[in-house]
Amino acid sequence: MGAVMAALSLEARRRLSRPNREKVDSDLELSIVRHQPEGLDQLQVQTKFTKKELQSLYRGFKNECPSGLVDEETFKTIYSQFFPQGDATTYAHFLFNAFDMDRNGSIRFEDFVIGLSVLLRGSVTEKLNWAFNLYDINKDGYITKEEMLAIMKSIYDMMGRYTYPSVRDEAPSEHVDKFFQKMDRNRDGVVTIEEFIETCQKDENIMNSMQLFENVL
Amino acid sequence: MAAGVAAWLPFARAAAIGWMPVANCPMPTAPRDHRKRHDELIILNVSGRRFQTWRTTLDRYPDTLLGSSEKQFFYDEETKEYFFDRDPDSFRSILNFYRTGKLHYPRYECISAYDEELTFFGIIPEIIGDCCYEEYKDRKRENAERLQDDQDDNKDCKLPNMTYRETMWRAFENPHTSTMALVFYYVTGFFIAISVLTNVIETVPCGATPSQKDMPCGERYTIAFFCMDTACVLIFTVEYLMRLFAAPSRYQFMRSVMSIIDVVAIFPYYIGLVMTDNEDVSGAFVTLRVFRVFRIFKFSRHSQGLRILGYTLKSCASELGFLLFSLTMAIIIFATVMFYAEKGSSSTKFTSIPASFWYTIVTMTTLGYGDMVPKTIAGKIFGSICSLSGVLVIALPVPVIVSNFSRIYHQNQRADKRRAQKKARLARIRIAQTGSSCTGFFQSKRNDLLNELLELTGSEEEEQQHNKSISLLESQHHHLLHCLEKTTAHEFVDEQLYEQNCLETTIQSYTSRSPSFSSQDGPIGTCCTRRGKMNSPLPNSSLPLQPSHQQGALQELSALHIQCGDKLPHTTSRSSLNMKTDEVGPINCKGSQITTAIISIPTAPSDTTDGGGLHGPPQRRPPPPPTGPQAPSINTTASSNVIKVSAL
């Protein structure tokens with residue numbers, strides 16, 4: 001009698017434990033999203049980098065993002081490491097959108113390297129275009145005050161709390177007002193790409209600073 | 001700054017172009033880069049260990065890194081190798097995969113490190129062979145549980161911007177979040193205990209007075225017990241209503257076990273209030289009072305062990321069900337047998353099969369009350385078989401339940417221990433990290449100023465001393481932070497300094513030879529002032545500055561930057577060399593004017609040593625902004641409300 005009972009219970013236990021494992025399996029994440037970039041030669045054609053530069057760029061890229069794709073969270077983490085005192089996540093979000101040209105939520109190596117090519121090897125007009133694209137959050141061709149305010153706030157956020165002098169709450173909006181005063185020629189409340197480029201080309205400071213990062217790579 | 005992220009520094013610097021059109025001042029010059037980069041090798045060189053394999057071996061799996069053209073990114077022309085900066089030990093298993101077609105998971109390897117390697121080389125973990133797959137999955141599950149625990153902890157720590165309701169709910173669920181929550185926790189626990197004790201003592205017969213017979217305390221001190229009961233129920237009701245209010249999902253809360261227990265615990269009291277003193281109904285009412293004992297279950301909120309026990313029982317529901325089923329089967333079988341065996345004997349207690357149930361249960365659980373015993377020989381034989389098998393049937397599922405309980409309990413213990421250790425670990429990590437990154441920046445600021453001084457006096461040796469410590473990467477990172485400072489016209493300061501500046505509310509009046517200049521722009525105008533300020537006596541200056549330090553015969557740059565604003569808690573000038581606020585002397589500050597005085601010393605053009613280039617002669621700035629790149633040794637501002645007085 002007891003032996004029958006024991007045999008029955010053993011069988012039941014084996015049957016009981018198996019379904020658990022399958023349940024656990026489905027809980028574990030099995031999705032692997034991966035991306036391989038185009039060939040080295042094609043990228044050389046599309047960008048103004050040399051082969052070695054592309055190689056070193058890719059190595060760094062791949063190290064931080066082994067799957068070949070940067071999602072927004074990883075991007076924010078990486079960018080925030082350069083600004084330990086402040087909160088760089090908002091600005092990183094805008095940057096992410098500026099780099100992620102096909103708006104699919106992740107940056108591939110091609111997007112990354114094409115963006116960098118504009119920034120480091122492009123003409124001044126191309127760089128200004130890129131900057132305009134960064135500020136124009138909804139990509140409608142106009143920079144409104146709200147967009148600029150959001151960008152400005154994110155830049156000031158990167159400074160963090162401990163600054164000299166302390167960042168007041170009105171500082172970003174005052175900065176935005178100054179910006180619009182300079183850029184918005186026809187006082188219509190928005191800055192178009194032509195106004196932007198025209199004003200920047202007249203400003204020596206800006207033109208000089210555009211050349212600043214030529215030799216970054 | 002992490003070494004891996006250093007590879008992204010060029011990107012971060014390039015992205016700084018986004019700040020340029022916004023900035024109102026010129027940017028500092030960038031440090032120069034003379035590095036050459038290594039490239040990869042044809043042989044697979046993994047962190048120095050060379051692996052060699054046929055190309056066709058790698059080509060077997062074209063959708064992985066090594067098998068596709070992606071490895072061209074890692075090719076080194078000079079040494080003709082493919083170089084990978086990865087762990088060579090893990091690489092062994094990966095290369096073996098190409099060779100044998102089977103991927104193995106070594107036991108000594110950490111699961112997350114191994115996963116990272118696999119992802120890097122583009123190999124999906126499902127390929128792991130059957131021999132190692134179990135191990136891999138188990139380790140992965142443990143890791144996921146650990147991450148889940150950590151996430152839960154982090155969620156607990158999210159403090160800002162919680163509504164009142166959310167704070168209340170968090171306080172209820174986790175009493176350690178605030179003292180109020182802890183107090184509430186202990187108070188309710190106390191009242192639960194009181195309530196249960198009251199219910200128990202109510203039924204104890206109190207001392208009999210000569211006139212009355214023994215009656216339970218509840219009937220003797222009715223008023224006292226009634227008051228106690230009322231108080232407890234009030235507290236429980238209030239607690240229940242507060243939980244109901246704070247719950248994020250009220251419907252779900254009402255369906256949860258704990259809330260049902262709460263309701264059941266306080267319900268009889270209200271029914272008793274409503275109920276009239278009707279004889280028939282009060283019988284039922286007495287029965288309802290039984291439910292008051294459920295109050296003891298409220299303790300499960302207070303005791304983690306109880307919760308674990310309940311959770312274990314729930315998770316072992318199948319085992320328990322099996323136990324019950326097998327026991328029932330055995331009882332029916334033995335009861336039937338015993339009944340028919342004892343049917344013959346006279347005056348037997350085994351009157352029917354259901355009556356034999358009681359005997360079987362008592363015997364199988366080895367209780368053996370002895371109120372029913374078999375008298376016939378057959379009955380005794382079957383009775384002994386019954387008791388022997390009873391032991392076996394009960395002993396079998398119990399270890400499963402016990403092991404489940406033990407696993408869950410230990411998991412909880414581990415989680416608690418991890419939580420306790422985590423704070424200390426995080427604190428240590430934070431100290432190590434911030435020590436390196438931020439203070440490095442401030443250190444470099446000071447060093448830059450020192451460098452400028454040294455340039456003036458032309459002492460080369462000290463220059464080089466100071467510049468050895470900063471690597472190119474660091475200087476590039478610092479340059480990036482400088483650009484941000486210039487864009488926003490604010491500076492990074494050390495935390496202590498910030499606190500000190502805030503504390504300095506007194507604005508002293510400052511008298512100086514230099515004419516003061518009031519600005520029309522208001523506080524924004526002080527853009528791009530000197531990034532470091534030092535306080536020192538100038539030999540020829542008549543400024544009543546405080547003497548600061550022992551720089552010998554060095555002439556020091558002195559820049560006093562005083563900003564007055566309407567609301568700012570203000571600032572006197574500070575010296576970043578001393579890293580503490582020095583008294584500058586009395587400063588006169590009126591309203592929203594800005595008084596800024598800067599003393600600059602024009603320097604001969606020379607190479608700066610911290611990597612920033614000095615191009616062209618130093619310029620004294622007139623109100624319009626300068627055209628050339630800035631020499632760090634120049635006191636210049638881009639605003640129009642600054643006067644420079646040179647004193648040599």
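In chain B, the residues B:Phe184, B:Thr188, B:Phe191, B:Ile192, B:Ile194, B:Ser195, B:Thr198, B:Ile201 and B:Glu202 of H8(B) meet B:Phe225, B:Met228, B:Cys232, B:Ile235, B:Phe236, B:Glu239, B:Met242 and B:Arg243 of H10(B), where contact means heavy atoms within 4.5 Å. The residues of this contact divide into 11 nonpolar, 3 polar and 3 charged, with Ala, Val, Leu, Ile, Met, Phe, Trp, Tyr, Cys and Pro counted as nonpolar, Asp, Glu, Lys and Arg as charged, and the others, Gly among them, as polar. This is a predicted model, in which local features need pLDDT of at least 70 and side-chain atom pairs count only at pLDDT 80 or more, while totals for chains, interfaces and linings use all residues. Residues are numbered from 1 along each chain as its sequence is written, chains are lettered from A and ligands numbered from 1 in the order in which they are written, and side-chain values use heavy atoms, with hydrogens and water left out.

**Helices of chain B**

- Helix H8 (residues 179–202) and helix H10 (residues 222–246) of chain B pack at an angle of about 145 degrees with their axes 10 Å apart; the axes are lines fitted to C-alpha atoms, for helices over the stretch in contact, and angles run from 0 to 180 degrees between N-to-C directions.
- Helices (H or I, at least four residues) and strands (E, at least two) are DSSP runs, numbered from the N terminus.
- The UniProt record, an unreviewed entry, places the feature "transmembrane region" at several spans of chain B, including residues 320–341 and 381–402; its positions are given in the numbering used here, feature names are shortened, and annotations may be inferred rather than shown by experiment.
- Residues 320–341 of chain B are 100% helix and 0% strand, with end C-alpha atoms 31 Å apart, and residues 381–402 of chain B are 95% helix and 0% strand, with end C-alpha atoms 33 Å apart.

**Chain A as a whole**

- Chain A has 11 helices and 5 strands, and 48% of its 217 residues are buried, where buried means under 20% relative accessible area, exposed over 50% and partly exposed in between (1.4 Å probe, protein chains only).
- Among the contacts in chain A with a separation of 6 or more, 58% come from residues 24 or more positions apart.
- UniProt, again in an unreviewed entry, places "domain: EF-hand" at residues 87–122, 123–158 and 171–206 of chain A.
- Residues 87–122 of chain A are 67% helix and 8% strand, with end C-alpha atoms 29 Å apart, and residues 171–206 of chain A are 72% helix and 8% strand, with end C-alpha atoms 21 Å apart.

**Backbone details in chain A**

- Most residues other than glycine have a negative phi, and most peptide bonds are trans.
- A:Lys139 is not a glycine, yet has a positive phi of about 55 degrees; this residue is found in the loop between helix H7 (124–135) and strand S3 (142–144) of chain A, and is partly exposed, with a relative accessible area of 29%.
- A:Arg187, also not a glycine, has a positive phi of about 55 degrees, is placed in the loop between H9 and strand S5 (190–192) of chain A, and counts as exposed at 57% relative accessibility.
- The peptide bond from A:Tyr164 to A:Pro165 is cis, with omega near -10 degrees, and A:Pro165 is in the loop between strand S4 (163–164) and helix H9 (171–183) of chain A.
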